[in-house]
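Dear colleague,

I am passing on a structure that I have been looking through, and I would be glad if you could read the notes below with it open beside you.

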Amino acid sequence: YNVRSRVDDFVAAALWQANLSRGSNIMFTMGADFMYESALEDFEPLDKIVRYVNEDGRVSVVYSTPEQYLSARAQEADVAWPLKTDDFFPYAD
């Protein structure tokens with residue numbers, strides 16, 4: 001099978017994203033509205049990737065809620081987060 005190449009691709013993507021982020025926790029977002037209507041069909045392959053990536057050991061993968069992710073990020077004491085003080089208009093034209 002192609003397990004080794006899929007694990008290598010996943011680890012490479014995780015390390016690439018980690019290099020663009022502060023701290024040791026990153027998030028891979030998945031899907032869109034109504035994308036996961038068949039849980040078994042959608043999550044069974046993801047479960048396999050999670051298992052094989054964790055067995056590989058180069059990175060650690062867990063399913064998480066946004067609350068769990070933000071809590072883990074908040075506990076990273078060695079990360080200095082910038083404070084934005086000027087105006088911020090996220091949807092300005």
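This is a predicted model: local features need pLDDT of at least 70, side-chain atom pairs count only at pLDDT 80 or more; totals for chains, interfaces and linings use all residues.

Residues are numbered from 1 along each chain as its sequence is written, and side-chain values use heavy atoms, with hydrogens and water left out.

The protein chain contains 3 helices and 0 strands, where helices (H or I, at least four residues) and strands (E, at least two) are DSSP runs numbered from the N terminus. Of its 93 residues, 12% count as buried, a word that stands for under 20% relative accessible area, with exposed meaning over 50% and partly exposed in between (1.4 Å probe, protein chains only).

A search of the whole structure finds 7 salt bridges, each being a side-chain nitrogen of Lys or Arg within 4 Å of a carboxyl oxygen of Asp or Glu. Arg4 pairs in this way with Asp8, at 3.3 Å between the closest N and O atoms, and both residues lie in helix α1 (residues 3–19). Arg4 also forms a salt bridge with Asp56, at 3.1 Å; because Asp56 lies in helix α2 (residues 39–56), this pair ties together parts that are 52 residues apart in sequence. Asp8 is partly exposed, at 30% relative accessible area, and Asp56 is partly exposed at 25%. Arg4, Asp8, Asp56 and Arg58 are linked in a network of salt bridges.
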